[in-house]
Amino acid sequence: MTLPSNRSFFTALIQYTQNKNLQKGKTLHAQIIKSDSSSCVYIANSLVNLYAKCQRLREAKFVFERIHNKDVVSWNCIINGYSQDGLNGSSHVMELFQRMRAENTAPNAHTFSGVFAAASILVDVSGGRLAHAVAMKMDCCRDVFVGSSLINMYCKAGLVKEARKVFDTMPERNSVSWATIISGYASQRLAAEALGLFRLMRRGGEGDNEFVFTSVLSGLTVPELVNNGKQIHGIAIKNGLLSIVSVGNALVTMYSKCGSLDDALQTFETSSDKNSITWSAMITGFAQSGDSHKALKLFSSMHHSGIRPSEFTFVGVLNACSDLGAAWEGKQVHDYFLKLGFESQIYIMTALVDMYAKCGSVADAKKGFDYLREPDIVLWTSMIGGYVQNGENEEALSLYGRMEMEGMFPNELTMASVLKACSSLAALEQGRQIHALTVKYGFSLEVPIGSALSTMYAKCGCLEDGTLVFRRMPTRDVVSWNAMISGLSQNGCGKEALELFEEMRLEGTKPDSVSFVNVLSACSHMGLVERGWGYFKTMSDEFGMDPRVEHYACMVDILSRAGKLKEAIEFTESATIDHGMCLWRIILGACRNYHSYELGAYAGEKLMELGSQESSAYVLLSGIYSALGRWEDVERVRRMMKLRGVSKEPGCSWIELKSGVHVFVVKDQMHPQIRDVQAELRRLSKQMKDEGYELTADSFSAAL
């Protein structure tokens with residue numbers, strides 16, 4: 001039997017490599033070994049290339065290491081094979097490049113293309129610069145493929161100035177070069193530079209292609225740039241590029257990010273070839289613009305169209321469920337992506353945790369969090385924020401402590417959530433410790449951290465520290481102003497709160513609904529009825545805002561605290577919004593304080609008619625009828641309370657001691673030092689009796 005010649009082996013290997021026919025390639029490899037042709041460097045190189053192209057890098061490396069007389073092609077085959085294998089493969093490329101030079105094999109343009117591709121994946125700037133210096137020394141940077149790979153490496157590292165230097169010195173550029181540098185500027189949100197290069201390319205007569213269009217469109221992400229996007233859209237139509245699905249997807253994404261949803265939807269509907277990216281772009285556009293109902297409806301249409309969702313689709317849909325608080329729909333989406341096998345995708349799981357947390361299902365959020373063994377900082381932050389959103393602040397602090405122990409580096413949003421937990425617990429010492437950590441980690445007093453810190457200090461009563469942080473913030477948004485105004489108002493500094501509100505207006509920051517709640521609250525504490533009326537009317541007259549329930553509540557509180565109870569009742573009965581029971585509840589409490597029992601009975605009966613489930617309303621009304629001597633009504637209110645199943649909620653308090661927060665609930669026996677607490681209460685009770693104080697019937701009974 002005559003064995004095939006090296007030429008026939010070589011020809012067959014090229015064919016199998018092009019077709020990625022691994023099985024036939026392995027069979028041929030066995031024949032080559034049998035014929036003793038593996039010592040031929042051309043055959044060996046072809047085998048390395050075959051295995052590399054079939055993503056069998058282990059076999060490729062095995063063959064490569066057994067080549068005795070490696071040439072530049074041998075090194076290029078293995079280097080380019082690893083560079084195309086993502087992060088894991090790219091980590092081997094720089095080591096191979098160093099070995100190649102150490103073994104005195106001169107690299108060529110193909111070598112550098114692979115090395116720069118790997119460096120861009122690894123974001124290995126130092127290794128990439130070293131290779132760049134070698135490429136310049138060997139005059140390989142003039143090659144258009146090397147130049148394009150080098151531009152891509154610098155752009156991926158965020159070094160667009162370095163990339164531009166390479167681009168400007170290239171003697172020859174192709175569409176990849178232009179697309180890469182434009183994409184680099186776009187990724188850094190330098191839209192003006194990306195547009196400038198796009199115009200320069202077109203003036204130079206370079207051929208328009210889909211890569212350049214998708215690159216420049218990706219940089220248009222704010223409403224001010226939508227007209228530029230429309231111009232590019234027109235050029236794409238003129239050049240017949242709309243039939244290319246990637247261009248259509250880029251246009252839908254651009255219009256969505258620029259807030260022009262009508263144009264996005266029109267582009268989406270006229271697209272003849274929609275893929276999962278097209279649907280995802282439109283769904284995400286709706287979700288990010290607050291049209292979450294439309295996002296869910298479109299997702300349903302996508303499902304019925306038979307298009308398989310991607311991980312980006314699920315992230316957009318879960319975000320829509322979060323905004324709507326749609327727990328049931330979110331659960332359906334959860335089941336769907338489990339069915340499709342997406343449960344290990346960290347982006348989806350992060351969106352899932354966020355969705356469950358915002359829907360109040362903290363237990364389900366925690367299950368999603370615990371499912372991933374190595375959560376990233378975004379997932380940690382979502383879970384911590386979820387606890388805070390649902391009032392489980394102790395769990396938030398505990399989870400943050402666990403995150404620190406596991407060596408996870410927090411981001412600004414993490415610290416802002418933890419500071420919010422400290423605010424809610426009035427845990428000043430822990431708040432100070434977190435403040436120290438923000439300084440240690442190098443976080444500035446920009447909006448998220450600065451606002452959270454000033455709020456924390458204000459809620460803990462440390463107005464001096466809160467004001468100091470507030471004044472040191474380089475920029476302040478309306479949230480920052482609101483936090484400080486609220487802190488001043490709640491700590492008895494109403495005058496300063498109103499002055500700060502006026503300062504905010506003078507600096508050009510437009511107040512929002514929360515701002516007016518804060519100033520109306522300050523007016524209430526200070527008894528400024530007329531000024532309160534002025535702010536209430538300013539909302540609609542000057543800022544075009546319709547007062548909400550909370551603003552009506554503040555106004556009723558202002559009138560009630562000032563003893564203007566009849567005026568408060570008239571205002572409540574003339575309210576044009578559905579205020580439920582909250583306004584009558586405020587009036588009832590004020591009537592008790594001012595001993596205006598007849599008006600109190602009127603307000604209390606209004607609450608009974610509305611079916612109040614709050615025990616305080618029944619207790620107050622019963623007390624008012626007792627004061628009026630209307631015992632039959634007292635019994636009627638108590639029977640109604642029992643019939644409706646209303647029970648008094650147990651009181652709760654907490655104290656921070658030695659960097660720990662101790663929580664106490666009425667009749668709770670779970671505190672680890674409950675015996676010591678009870679003994680101390682008995683001692684205090686006896687001391688009070690001995691000193692002549694008369695204890696009420698229920699004094700200390702709950703704790704004892």
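Tyr 552 counts as buried because its relative accessibility is 10%, where buried means under 20% relative accessible area, exposed over 50% and partly exposed in between (1.4 Å probe, protein chains only). Phe 536 counts as buried at 9%. This is a predicted model: local features need pLDDT of at least 70, side-chain atom pairs count only at pLDDT 80 or more, and totals for chains, interfaces and linings use all residues. Residues are numbered from 1 along each chain as its sequence is written, and side-chain values use heavy atoms, without hydrogens and water.

Now the rings. The structure holds 25 aromatic pairs. Rings of Phe, Tyr and Trp (its six-membered ring) pair if their centres lie within 6.5 Å; planes under 30 degrees apart count as stacked, over 60 as edge-to-face and the rest as tilted. Phe 198 and Phe 213 pair edge-to-face, with 5.4 Å between centres and 80° between planes. This pair links helix H12 (residues 191-203) to helix H13 (residues 210-217). Helices are DSSP runs (H or I, at least four residues), numbered from the N terminus. Both Phe 198 and Phe 213 are buried. Phe 536 and Tyr 552 also form an edge-to-face pair, at 5.4 Å and 80°. Phe 536 lies in helix H32 (residues 529-543) and Tyr 552 in helix H33 (residues 549-561).

Next, the core. A nonpolar core is a set of buried Ala, Val, Leu, Ile, Met, Phe, Trp, Tyr and Cys residues joined through side-chain atoms within 4.5 Å. The largest has 153 residues; Ile 181, Phe 198, Leu 220 and Tyr 400 touch the most other members. Apart from it lies another core, of 60 residues, including Ala 497 and Val 634.

How values were computed. Helix = DSSP H or I, 4+ residues; strand = E, 2+ residues; numbered from the N terminus.
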